Amino acid sequence: MEQKTTWFSKRPGSTILIGAKTSQLDLGMAGEMLIKQVIHAALGNDAAGIEEVQIGSSAFQKQFMVWAQDIDEADKLLTPSLQSALINWGKVPPLIKRTSSGTTIELKGIHLRKPDEITALAHLGELLL
C-alpha cells in the first residue's frame, strides 16, 4: 500500500528531475551509474542523456539534486521563486518530474488535508507553468 499525492500538468519538455538529496556519501562512478539505472528503469526512453547538473543557489544545492537532459532547460525551469518554494517546503520534499508526457509533483507518504497545504501544492505547480 502506498500513499502519494500527485499534481499533474500536460506541459511536456525535455526530462528534468528535481528531488531531495538523499545522501552526502560519494560513491563515485559506481554510484552515479546505479542512479542512472534507477532513473532509466523509472522513465524508460525519457531518461536518455540525463545527467546530474549543478544549478541553483548554494542553499538549494545543499538540499536538492537536479538531473536533466538539457542544463539550459533546467535553468529556465528552476527559477529563484521555485528554488525558494522548495527550500521552504515544510513537509517531505517533493519530487518534480518533467518528461515528454508532462510535468508532475509527487509527494510520497503524504495526504494533503488542510486547505493551506493544498494551496501550497497548487502554488508550487503554478511556478512550473
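Helices (H or I, at least four residues) and strands (E, at least two) are DSSP runs, numbered from the N terminus. The model is predicted, so local features need pLDDT of at least 70 and side-chain atom pairs pLDDT 80 or more, while totals for chains, interfaces and linings use all residues. Residues are numbered from 1 along each chain as its sequence is written, and side-chain values use heavy atoms, without hydrogens and water.

Start with the sheet. Strands of a sheet pair through backbone hydrogen bonds, either parallel or antiparallel. Here six strands form an open sheet in the order β1-β6-β5-β2-β4-β3, with antiparallel pairing; two strands count as paired if DSSP finds at least two bridges between them. β1 (4-9) and β3 (51-53) are the edge strands, each pairing on one side only. Between β2 (residues 16-20) and β4 (residues 64-68) there are five bridges, and Ala20 stands opposite Phe64 in β4.

Next comes the nonpolar core, a set of buried (under 20% relative accessible area, 1.4 Å probe, protein chains only) Ala, Val, Leu, Ile, Met, Phe, Trp, Tyr and Cys residues joined through side-chain atoms within 4.5 Å. The largest one has 24 residues, of which Ile18, Val66 and Leu86 touch the most other members. Helix α5 is among the elements that each supply at least two residues of this core.

Glu117 lies in helix α5 (residues 115-127). Glu117 counts as buried because its relative accessibility is 16%. Its side chain reaches the backbone nitrogen of Arg113 at 3.1 Å. Apart from neighbours within four places in sequence, Glu117 is in contact (heavy atoms within 4.5 Å) with Lys91 and Leu112.

Technical notes
Buried < 20%, exposed > 50% of the residue type's maximum accessible area, 1.4 Å probe, protein only. Polar contact = N/O pair within 3.5 Å; in protein donor to acceptor, adjacent residues only side chain to side chain.
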